[in-house]
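Here is a short briefing on one protein chain. Please keep the sequence and the model side by side while reading.

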Amino acid sequence: MTIGIGSSTPATSQTTAGSRTQDVSTKGTEQGGSTTPTFGSSKPSSQLSTLAQQLSDSALRAEERDASLDRKALGQKADALLQPITRDFHLHRAKYDAEVPNTDDPELLERAKQATSFVSGRGSNPFSGLSQDQLALIIYDDSGTFTTNERKAAWKEEYDQETARRLAVIARGKLEYEQTGKMTEFFKEVLGNYNELPPIMQAQYPDFYAPRLEHLIEMDFNFMTHRAEGKGAPEDIFEILMSSEDFANLGKRFANSSVS
């Protein structure tokens with residue numbers, strides 16, 4: 001499992017599926033003008049780009065899906081939706097490359113063509129620069145609105161963005177450790193990024209993920225002095241870090257991470 005790392009946000013756990021309102025701003029998707037409306041605005045849909053309208057519709061479907069499934073079922077749904085565009089993608093390339101949107105809209109046809117070229121190693125990603133929330137709407141949309149190659153392209157953009165965020169946070173975490181012996185701010189950033197994830201992405205993490213990060217933050221443990229400067233006993237750190245594979249390998253991944 002990949003530890004979610006991103007921009008710093010208040011480290012308060014948010015683990016209930018469907019409890020988070022996704023930010024699906026149409027930034028970068030509006031045709032004409034310089035304003036950046038949100039999908040909750042009263043701006044006529046005719047003035048928004050085709051992609052913006054698709055994302056708006058997808059957000060409504062995602063909200064209904066997240067509200068209808070518990071955390072476990074939502075995680076299973078996510079896994080099923082990811083399988084065709086990750087683990088099994090190479091098995092059905094010809095089928096995916098032949099997919100064409102059921103429309104005469106030249107914008108949609110061209111975008112699907114661009115996505116097919118991109119996942120084949122040619123050209124640019126049609127979803128480059130979209131936010132994590134917007135990308136998630138495309139990745140986990142099974143309505144047929146987006147072709148498999150479009151969903152793959154969105155997944156690749158989200159993966160690249162997450163990789164860049166991870167490297168930045170690890171760099172700050174290493175600096176924190178070298179200067180203070182602690183990783184408290186690092187844990188806060190990891191938890192903050194988790195809290196920002198859409199419910200379907202949160203559901204792919206184990207139930208203990210957020211509570212254990214919160215405990216680590218409360219402990220304010222100094223790894224150089226081996227003392228908990230906050231709440232908890234020193235031995236708690238070993239129980240937390242060694243009680244699961246994910247947390248047992250956390251320190252190793254942190255220490256061995258390459259930061260350019």
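Helices here are DSSP runs of H or I with at least four residues, numbered from the N terminus. By that rule, lysine 156 and aspartate 160 both fall in helix α6, residues 148-180. The model is predicted.

**Overall fold**

- The protein chain holds 12 helices and 2 strands.
- Read from the N terminus, the order of elements is α-α-α-α-α-α-α-α-α-β-β-α-α-α.
- The protein chain has 260 residues, and 44% of them count as buried.
- Take the contacts between residues at least 6 apart in sequence: 67% of these join residues at least 24 apart.

**Salt bridges within helices**

- Side chains of opposite charge can pair when their charged atoms come close.
- The count of salt bridges comes to 14.
- Lysine 156 and aspartate 160 form one of them, at 2.9 Å from N to O.
- These two residues are 4 apart in α6, about one turn of the helix.
- Lysine 156 is partly exposed at 30% relative accessibility, and aspartate 160 is partly exposed at 33%.
- Lysine 188 pairs with glutamate 185, and their closest N and O atoms are 3.2 Å apart.
- Lysine 188 and glutamate 185 are about one helical turn from each other, because they sit 3 residues apart in helix α7.
- Lysine 188 counts as partly exposed, with 29% relative accessibility.
- Glutamate 185 is also partly exposed, with a relative accessible area of 42%.

- Which residue forms a salt bridge with arginine 71? The partner is aspartate 207, with the closest N and O atoms 2.8 Å apart.
- Arginine 71 lies in helix α2 (residues 71-82). Aspartate 207 lies in the loop between α8 (199-202) and α9 (209-219).
- The pair therefore ties together parts that are 136 residues apart in sequence.
- Is arginine 71 buried or exposed? Its relative accessible area is 16%, under the 20% cut-off, so arginine 71 counts as buried.
- Aspartate 207 has a relative accessible area of 59%, over the 50% cut-off, so aspartate 207 counts as exposed.

**Arginine 65**

- Arginine 65 is part of helix α1, which covers residues 50-68.
- Its relative accessibility is 15%, so arginine 65 counts as buried.
- The side chain of arginine 65 makes a polar contact with the side chain of aspartate 66, at 3.0 Å.
- Which residues does arginine 65 contact, leaving aside neighbours within four places in sequence? They are Leu74, Lys77, Tyr140 and Ile200.

**Phenylalanine 186**

- Phenylalanine 186 belongs to helix α7, residues 184-196.
- With a relative accessible area of 4%, phenylalanine 186 is buried.
- Along the chain, phenylalanine 186 and arginine 172 are 14 residues apart. Their C-alpha atoms are separated by 7.3 Å.

Notes. Residues numbered from 1 in each chain as written. Predicted model: local features only at pLDDT ≥ 70, side-chain atom pairs only at ≥ 80, totals over all residues. Heavy atoms only, no water. Buried < 20%, exposed > 50% of the residue type's maximum accessible area, 1.4 Å probe, protein only. Salt bridge = Lys/Arg side-chain N within 4 Å of Asp/Glu carboxyl O. Polar contact = N/O pair within 3.5 Å; in protein donor to acceptor, adjacent residues only side chain to side chain. Contact = heavy atoms within 4.5 Å.
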